[in-house]
Amino acid sequence: MANLLTPDICVIGAGSAGLSVAAAAAAFGVEVVLIEKGLMGGDCLNYGCVPSKALLAAAKAAHTQEAASRFGVHGDKPEVDFAEANDHVRKVIAAIEPHDSQERFEGLGVTVLRETARFTGSDEVLAGAVRIKARRFVIATGSSAFVPPIPGLEDVPYLTNETLFQLRDRPEHLAIIGGGPIGLEMAQAHRRLGSKVTVFEAQKALGKDDPELAALVLDTLRAEGIDILEQTAVEKVGRSGAGLAISAKEADGKPVTVEASHLLVATGRAPNVDGLGLEEAGIDYDRKGIAIDKGLRTSNRRVYAIGDVAGGLQFTHVAGYQAGLAIRSILFRLPVSMTSDIVPWVTYTSPELGHVGLSEAEARSRYGHKVKVLTADYSSNDRAQAEGLTKGRLKLIAGPRGRLLGADIAGAQAGEVINLLSLALSKKMTMKDLAGFIAPYPTLGELVRRAAISYYAEAPKNAWLRKAIGFLRLFG
């Protein structure tokens, strides 16, 4: 007969969301069971954020050396050892791994079961030979790469984010299906490490971001030699000699065929719900994920779903945010509500592409003529000039009474600058607040202040105020 555990909380999935819940609950002395059938740390540590950014760092190092001549630094073209770049990826994972390890969480007092979990009823989960009856359950099983039903794909070797970082030899020609953040980050990384790269995107590449700023990023990627085929849908994949043949069709019906050595599928994510026994627990779900209310509860009130498995915005920082909300609800019985409008995201290409809040289109739909779009170009920033990083632009979306509604940035360190704007948005700051803070000189953060000051350019009729703002714009 199966052993029985009766913890306060049972967490299914040891990725970013599940680990955050387990660690927080254990810190408050709550009895927690954590179930994980795969690797501790989940997708982010093993197949996603960590390895992809490590590979991008290796690629940036190669590109920086190659582009050094513009600063008067001359030398031989860098010689890339792809296997050593992969070793860097493995070292970064190994350095972070102990923080997410089974040993650490058991040291925190969490009972960790390395088993497959399945609901057998509304209040019970079976994990191997162990039955768990908990007061509350948290499903945090994440997502996996979505593989589209393209004819021939199942008959050829292809890569996803779960297998890409196992490569020891550099792909001669990497074809990528999907022009979103994952596809384009890996496109640039492999191009800078010496591969030929072709990207297929059925619609617009980086389609969720500001069109003007996305175009700036795409122009840079194309200038580096990446072939990005937008409005081009892949229709068939097959073998061609020792490689692959990818057959596609442009929007006007023109056929396109590309031969490549490797193929990466980066067409989005699918929630990990198979085998969980959600029907037995009375939990509603569909192909997008588990249905939750604003308080992150499923149709079974005992059960919460957080992170990628709940659909919506699929980012590690969203998983952490939702984990905090779940803890507040479960332990302190406080009302919580997920707010998507304050969630930032960044695409870590070079230049980076960052966003938080409402887009320009969303803001105009909601507030009409009361919206002002304020911009500052990287070329107007002294730090950007000093470092040769002048390709980029920042946009602030200002609403009624100058309140910050959203922001978009394409340029160097966009992810770092968006941090400030994410805080400003969450605290409902205005252009007055952003124009009034002191930014150290010279920093890219000055772009925020410069854009905010321009909000008042047309406002003052008082001559003294006009002169004051003119002074700030000239010397601020």
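Let's start with Leu34, which counts as buried because its relative accessibility is 0%; buried here means under 20% relative accessible area, exposed means over 50%, and partly exposed is in between, with a 1.4 Å probe and protein chains only. Leu34 sits in strand β3. Strands are DSSP runs of E with at least two residues, helices are runs of H or I with at least four, and both are numbered from the N terminus.

One word on what you're looking at: this is a predicted model, so to speak, where local features need pLDDT of at least 70, side-chain atom pairs count only at pLDDT 80 or more, and totals for chains, interfaces and linings use all residues. Residues are numbered from 1 along each chain as its sequence is written, and side-chain values use heavy atoms, leaving out hydrogens and water.

Back to Leu34. What does Leu34 touch, not counting residues up to four places away in sequence? Its contacts (heavy atoms within 4.5 Å) include Val11, Ala14, Leu19, Met40, Phe105 and Val110. Val110 is 76 residues away along the chain, yet the two C-alpha atoms are separated by 6.8 Å.

Now the loop between α1 (16-27) and β3 (32-35), where you'll find Phe28. Buried or exposed, Phe28? Exposed, with a relative accessible area of 53%. Together with Phe332 and Leu334, Phe28 makes a nonpolar surface patch of about 300 Å². For a patch, residues need over 30% relative accessible area and no salt bridge; nonpolar side chains (Val, Leu, Ile, Met, Phe, Trp, Tyr) are joined within 5 Å, like charges within 9 Å. A salt bridge is a side-chain nitrogen of Lys or Arg within 4 Å of a carboxyl oxygen of Asp or Glu. Areas are Shrake-Rupley with a 1.4 Å probe, and for residues only the protein chains shown count as cover.

Next, strand β24, residues 393-398. Five of its six residues are buried, so β24 is largely enclosed by the rest of the structure. Strand β23 (residues 372-377) runs antiparallel to β24, joined by six bridges; pairing takes at least two DSSP bridges. Thr375 has Lys395 in β24 as its bridge partner. Six bridges also join β24 to β25 (residues 404-411), again antiparallel, and there Leu394 partners Ile409. β24 and β25 form a hairpin with five residues between them, and Arg401 in the turn has a positive phi of about 60 degrees.

Finally, the whole chain: 14 helices and 25 strands, with 49% of its 476 residues buried.
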